[in-house]
Amino acid sequence: MTSDIKGRDGEGREFTSPDELWQKEADADGGHNTWYHKAVAYWDSQEASYNGVLGGYGYTSDLDVRDSRQLLLKAMRVQLEAADKGQRQLTALDCGAGVGRVTEQLLRQHFHSVDLLEPSKHLLDTAAKNLSARTVPQPRGVAERFFCEGLQAHNFEVGRYDCIWIQWCMLYLTDVDFISLFQRAAVGLKPDGLIFVKENICKDGFVVDNDDSSLTRSNSYMLDLFEKAGVQVLYNVKQRNWPKELFEVRMYVLKPPPAAAAAAAAAGAAPEDGMQG
């Protein structure tokens, strides 16, 4: 249970539970806008490059993408084979897209269209510029839509996505928004769509970074929140060959509950005007 999970921050403060942290970080109205604004301000101040978004570890990008691709090909084998045969058009959403690194190196190699969601405008503008350049060989897909918005505020278009890819941005969400995200994201998936989460993981409890308003959770903490969100964990895989001085990284493949998928499919049958909200 998350109420039993203890944590600490970089200044030596300890927390007896996540609830204690979220109460401390709450604004006067009980919300956490200051927490989120601080995170965006941090990334607004970072270099808009692969090295910048990877915290000075730009060389890890190839390692990251290699393992991500292996998991993607395994988890979505049926959908990707259908696309290879020209039987299906695939669409993905890249959440916490930064400068478009994951879209450029992974997602648009396998999906026909990719939308990007990123709350830092200067990173997203760089992504749009990077992804407009012609490359050789030409990727399968194109970057189609760019949303300058945080995960906690985004409303998903009904039934648009085969894959929602969420990398290194769940650590910015409060527990409440973490759980509600999956309820909203389920609506955005096609009936056989999947959610991929790739995230830093600490050994136990949680670790708070006050500089960028982030919360690195343990594997058991993540699994507890997934359970609360009602999603099924299909894969839970450790990133290989990762620098030992960095947090462990894990990849989760998640399937929303049948009830959410059925509701999304039913909603998708109704006329849709595009993005909500």
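## Gln 152 and its surroundings

Leaving aside neighbours within four places in sequence, Gln 152 is in contact with Tyr 36, Leu 173, Asp 177 and Arg 184. The structure described here is a predicted model. Gln 152 is located in the loop between strand 5 (142–147) and strand 6 (161–167). With a relative accessibility of 28%, Gln 152 counts as partly exposed.

## Annotated binding site

Gln 152 is one of the residues that UniProt, in an unreviewed entry, lists under "binding site"; the set comprises Gly 96, Arg 101, Leu 151, Gln 152 and Gln 167. From this set, Gly 96, Arg 101, Leu 151, Gln 152 and Gln 167 are found in the lining of the largest pocket.

Arg 101 belongs to helix 6, which covers residues 101–110. Its relative accessible area is 4%, under the 20% limit, and Arg 101 is therefore classed as buried. Not counting residues up to four places away in sequence, Arg 101 touches Tyr 50, Leu 54, Ser 61, Asp 64, Val 65, Leu 106, Gln 167 and Trp 168. With Ser 61 there is also a polar contact between the two side chains, at 3.0 Å.

Arg 160 counts as buried, at 13% relative accessibility. Beyond its neighbours within four places in sequence, the contacts of Arg 160 are Thr 91, Ser 113, Asp 115, Glu 144, Arg 145, Gly 188 and Lys 190. The side chains of Arg 160 and Asp 115 make a polar contact of 2.7 Å.

## Salt bridges

Side chains of opposite charge can pair when their charged atoms come close. In the whole structure, 20 salt bridges are found. One of them joins Glu 11 to Arg 13, with the closest N and O atoms 3.1 Å apart. Glu 11 is exposed, with a relative accessible area of 56%, while Arg 13 is partly exposed at 33%.

Asp 125 and Lys 121 form another salt bridge, with a closest N and O separation of 2.8 Å. Both residues lie in helix 7 (residues 121–132), four residues apart, or about one turn of the helix. Asp 125 is partly exposed at 42%, and Lys 121 is exposed at 52%.

In helix 9 (residues 219–229), Asp 224 and Lys 228 are four residues apart and so are separated by about one helical turn. Their salt bridge brings the closest N and O atoms to 2.6 Å. Asp 224 is buried at 11% relative accessibility, whereas Lys 228 is partly exposed at 37%. Elsewhere, salt bridges with shared partners join Arg 88, Asp 162, Lys 190 and Asp 192 into one network.

Note on methods: Residues numbered from 1 in each chain as written. Predicted model: local features only at pLDDT ≥ 70, side-chain atom pairs only at ≥ 80, totals over all residues. Heavy atoms only, no water. UniProt positions renumbered as here; feature names shortened; annotations may be inferred. 1 Å grid on protein atoms, 1.4 Å probe; cavity = no way out; pocket = protein on both sides within 12 Å on 5 of 7 lines; lining within 4 Å. Helix = DSSP H or I, 4+ residues; strand = E, 2+ residues; numbered from the N terminus. Buried < 20%, exposed > 50% of the residue type's maximum accessible area, 1.4 Å probe, protein only. Contact = heavy atoms within 4.5 Å. Polar contact = N/O pair within 3.5 Å; in protein donor to acceptor, adjacent residues only side chain to side chain. Salt bridge = Lys/Arg side-chain N within 4 Å of Asp/Glu carboxyl O.
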